[in-house]
Amino acid sequence: MSDLAAVSSYWLLFAKGLGTTIWISWLALLIGSVVGGILAHLRLVPARPVRAVVVGYVELFRSIPPLMLFFGSYYGVSYALGLNLSPFVAATVALSLHASSMMSEVIRGGLQSVDSGQWAAGRASGMTNLQILSLVVWPQSFRVALPPAVGVYIATLKDTAVASVIGYVELTRSGLIVRENTGSSFLVFVIIAAMYFVVCYAISQLGAYWERRFRIVGHK
Amino acid sequence: MSATNDSSELVRIDGLVKRFGHRVVLDQIDLTVHAGEVVVLVGPSGTGKSTLLRCINALEDFQEGSVLFEGKPVGRGRAALAARRRVGMIFQSFNLYPHLTALQNVTLAPVKVHGVDKKEAESRARELFAKVRLEHRADAYPTQLSGGEQQRVAIARALATRPSLLLFDEPTSALDPETVGDVLSVMEQLAREGRTMVIVTHEIGFARRVGHRIVFMDGGRIVEEGRPADIIDNAKAERARQFFGSILRG
Amino acid sequence: MYEFNLAALKGYIAALPPALAATVWLSLLAIVCSLALGIVLALMRTNTNRLLRIVGGTYVEVLRNVPLLIIIYLFFFGLPAVGLRLSGWQTSFLALTFASAAYMAEIVRGGLAGVGPGQYEAARSQGMGAFQLYGYVVLPQVIRIAYAPFGNMCVAIVLGSSLASVVGVEEVTTWMHSAGSGSFRYLEAFTVAALAYVVLAQAINGLRIATGRWLLRHRNPGAPL
């Protein structure tokens, strides 16, 4: 298996690829959580147009394939605005947009899971909306929203593979580079697949652990 | 074991033994049910009463002994289908089909299993609804019915296939106390009509009033059986006396 | 300022319907085949046989934690190394089917789990054989539980089909790329293509909601769909 020897010599490239994968997926999740969180809370306002815009945003970015988002933010923006975004920026924008729509739904689910009686109780004891949110609603929402949020993270991490198509050097592109240099296809992709599997599976097990733990401590 | 076949024997259980792993759940059960009899199985929880009931229509299997229904062995798996089609069962948790209305619940088996014409099945179903006093709820879904109403629909469902035997597995244990009476009065009505019924229940008052024979089970065995008056007030076995004594005191 | 000019795409619009058809066809086939495979996997995962459970479980866990693009590359670049050279369409179809089957398996498994054991008991006690039991009692309930996640999975498959463009299949994303770079009007091409996907996805959503309303008609007014 001279293939194995050749491929193994690129272990550093694989490691760096994995590093950038985790880095960019984390970044996208962070941005997506902030944006998604804002959107989820905007859905609570009484103003109909505001809610409609949020729903439109979420449905839009849940109905466009990630690959299209990558192409749009990389090629589309450069053709249209003459602005040449680097693959990193374009990928981050695309991933964040997608993640924000998913996180908006997750956070919304967390907010909705809090019994409406909690709001009434908070108001009755003279709390402002912000106090109710931060002291009563968020702590309870967090428990409910955490497991699906882990799911969103795993999905985002898997989506980073598509960033390879616009030239961003993450794990998949690293694999394609090694493939070009060694001529070994099957082995390279098996290794890449195994690396994704180990990372994603580990995270999903962590999410399952949290879900179990929070279910015992919480009452819902 | 007699070689002759008494035709009034609807159910005949001989030497039934059921094991679950190494645990003996039913231990040498001999029981006969005659046509028109109401047999009530009583005893502490977990002593095999429901399991024995389920052996009659082969919902549970057993390792030794025999179960005869209408003179023929009940059989297992596919062979048991014939016997099951002539037995009606009512469950503690009702088990109505949630995706069908009450009426559809009652007509499903007659139409699809017995090949009855749909219109005929529906008119029979409405007769049965009248009998269990639920005429106005025929088009409701199970989730829209109370527990007592669901159980009465379940009784109508069991009756719809014109069974020669009715099995009741703790029919009122999951009901609110107020609705227990409704269901018991329907069961009493069926008993007065001369139906053959085997009932597992904790309702001792009902058993005394309606049962022809009480069978007291403990530890997977039939400890004592007899007429309600005899056994409830004057049980011979110590275990039985304890059981009935505590029920009547409490 | 950038001037949005849809008319610039005129020469490419004719190529859009076939591209749409290709996307729809690939997705439809993948939906049907992954559902079938998913049912098999679900039955494996709930079987009394431990080996079947392990094999089914491993399949589902592996395919849910590896990106679809990698599976496509494995089939497209990897298989020729062991002698099997498939076309772009074939590898996309296989990858999409095998990957989606893992999710379909969980959807089916969830549906089956939602049917209580009492249902089987009641149906058996009425003398129903296996076909009648599953046809009249179990399946109708599984469908009512699983139709919504199934609908969402169909949308996911349609969106996933866009990756077929990476291995040369002529579908909507390929169209966007060639129309956009050919006419230098990438933003317009992107808008049209994105619209196509949004329409497809929302149509499937609409079907899902309508199905739900029909399946759960007359029941618990006010219950969530």
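The expected span of a helix is 1.5 Å times one less than its number of residues.

**Ground rules.** I am working on a predicted model, where local features need pLDDT of at least 70, side-chain atom pairs count only at pLDDT 80 or more, and totals for chains, interfaces and linings use all residues. I number residues from 1 along each chain as its sequence is written, and chains are lettered from A and ligands numbered from 1 in the order in which they are written.

**Entry 1: helix α4 of chain A.** I checked the length of α4(A), residues 66-81. Its 16 residues should span 22 Å at 1.5 Å a residue, and the end C-alpha atoms lie 21 Å apart, so the two agree. I also found a kink of about 35° in α4(A), centred on A:Gly72. The bend at a residue is taken as the angle between axes fitted to the seven residues ending there and the seven starting there. After the helix comes A:Gly82, with a positive phi near 70°.

Is α4(A) mostly covered or mostly open? It is mostly covered, with twelve of the 16 residues buried. I call a residue buried if 20 or more other C-beta atoms lie within 10 Å of its own, exposed if 12 or fewer, and partly exposed in between, with C-beta atoms placed from the backbone. Among the buried residues of α4(A) are A:Phe70, A:Phe71, A:Gly72, A:Tyr74 and A:Tyr79. The cover includes α5 (87-113) and α7 (129-159) of chain A, together with α8 and α9 of chain C.

**Entry 2: chain A as a whole.** I counted nine helices and zero strands in chain A. Its C-alpha atoms fill a box of roughly 75 × 50 × 25 Å along the principal axes. Buried residues make up 41% of the 220 residues in chain A. I count two residues as in contact if their C-beta atoms, placed from the backbone, lie within 7 Å. Among contacts in chain A between residues at least 6 apart in sequence, 78% join residues at least 24 apart.

**Entry 3: chain C against chain A.** Here 32 residues of chain C are in contact with 29 residues of chain A. On the chain C side, α3 (50-64), α4 (68-78), α8 (172-183) and α9 (186-215) each supply at least two residues. The most comes from α9(C), with nine residues. By class I get 24 nonpolar, seven polar and one charged on that side of chain C. The classes are: Ala, Val, Leu, Ile, Met, Phe, Trp, Tyr, Cys and Pro nonpolar; Asp, Glu, Lys and Arg charged; the others, Gly among them, polar.

**Entry 4: nonpolar cores.** A nonpolar core is a set of buried Ala, Val, Leu, Ile, Met, Phe, Trp, Tyr and Cys residues joined through C-beta atoms within 7 Å. The largest has 118 residues, and A:Phe70, C:Ile70, C:Ile72, C:Ala193 and C:Tyr197 touch the most other members. I followed up C:Ile70: leaving aside neighbours within four places in sequence, its contacts are A:Ala161, A:Thr172, A:Phe189, A:Ile192, A:Ala193 and A:Tyr196. Apart from that core lies another of 83 residues, including B:Leu59, B:Phe94, B:Val183 and B:Phe244.

**Entry 5: chain C against chain B.** I find 18 residues from chain C and 20 residues from chain B in this contact. On the chain C side, α6 (117-125) and α7 (130-160) each supply at least two residues. That side of chain C divides into five nonpolar, nine polar and four charged residues.

**Entry 6: strands of chain B.** I looked at β1(B), residues 9-20, and β2(B), residues 23-34, which run antiparallel and are joined by eight bridges. Two strands pair if DSSP finds at least two bridges between them. B:Lys18 stands opposite B:Leu26, and B:Leu16 opposite B:Ile29. The hairpin has two residues between the strands, and B:Gly21 takes a positive phi near 70°. The open antiparallel sheet of four strands has the order β2-β1-β4-β5, with β2 and β5 (72-73) as edge strands.

Entry 7: Most residues other than glycine have a negative phi. B:Asn95 has phi near 55° and sits in the loop between β6 (87-90) and α3 (102-112) of chain B. B:Asn95 counts as buried because it has 25 C-beta neighbours inside 10 Å. C:Phe184 has a positive phi of about 60° and lies in the loop between α8 and α9 of chain C. C:Phe184 counts as exposed because it has 10 C-beta neighbours inside 10 Å.
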